[in-house]
Amino acid sequence: MHEALTNLHLITLTPWKVIGLLGTLLFTARWFVQFYATKKQKKVVVPMSFWYLSVAGSVLTLAYFIWGKNDSVGIIQTAFPMLVSIYNVFSHLRQHKPETVRPGGPEET
């Protein structure tokens, strides 16, 4: 997992680095999901997909920091948001019915 897959100019990609980058991409994508949901609803909204992306992104990033890089600061920095995200997913699932996607929205009325 630490052997180079490719070298792009001065960047060496290993499988662990790809996992870490994918985790970062998912963790960042959650903000675009939240932005879109807020814009569509015309009020601040944090959809469940925000929390799912948070959990998936932080799990991948945490795996990179534990096994790929062995970086204690990265582990601590990623573990707390992951725990909060997991808590929020379970909290939401305990208190609410599963989300249903319905066609339409404010822009179609």
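Where is the place of asparagine 70?

Author: Asparagine 70 sits in the loop between helix 2 and helix 3, the latter covering residues 72-95. This is a predicted model, in which local features need pLDDT of at least 70 and side-chain atom pairs pLDDT 80 or more, while totals for chains, interfaces and linings use all residues. Residues are numbered from 1 along each chain as its sequence is written, and side-chain values use heavy atoms, without hydrogens or water.

Let's start with the loop residue itself. Phi of asparagine 70 is near 55 degrees, a positive value in a residue other than glycine. Asparagine 70 counts as exposed because its relative accessibility is 62%; the cut-offs are over 50% relative accessible area for exposed, under 20% for buried and in between for partly exposed, with a 1.4 Å probe and protein chains only. Lysine 42, in the loop between helix 1 (15-41) and helix 2, also has a positive phi, of about 60 degrees, although it is not a glycine. With a relative accessible area of 69%, lysine 42 is exposed.

Now for the wider setting. The protein chain has 3 helices and 2 strands, where helices are DSSP runs of H or I with at least four residues and strands are E runs of at least two, numbered from the N terminus. Reading from that end, the order is β-β-α-α-α. Of the 109 residues in the protein chain, 28% are buried.

As background, nonpolar side chains tend to be buried together in soluble globular proteins.

The aromatic rings come next. There are 4 aromatic pairs, that is, rings of Phe, Tyr and Trp (its six-membered ring) with centres within 6.5 Å, called stacked with planes under 30 degrees apart, edge-to-face over 60 and tilted for the rest. Tryptophan 16 and tryptophan 67 are stacked, because their ring centres are 6.4 Å apart and their planes lie at 25 degrees. This pair links distant parts of the chain, with tryptophan 16 in helix 1 and tryptophan 67 in helix 2, 51 residues apart. Tryptophan 16 is buried at 14% relative accessibility, whereas tryptophan 67 is exposed at 56%. Tyrosine 64 and phenylalanine 65 make a tilted pair, 5.3 Å centre to centre with 55 degrees between the planes. Tyrosine 64 is buried, with a relative accessible area of 15%, and phenylalanine 65 is buried too, at 13%.
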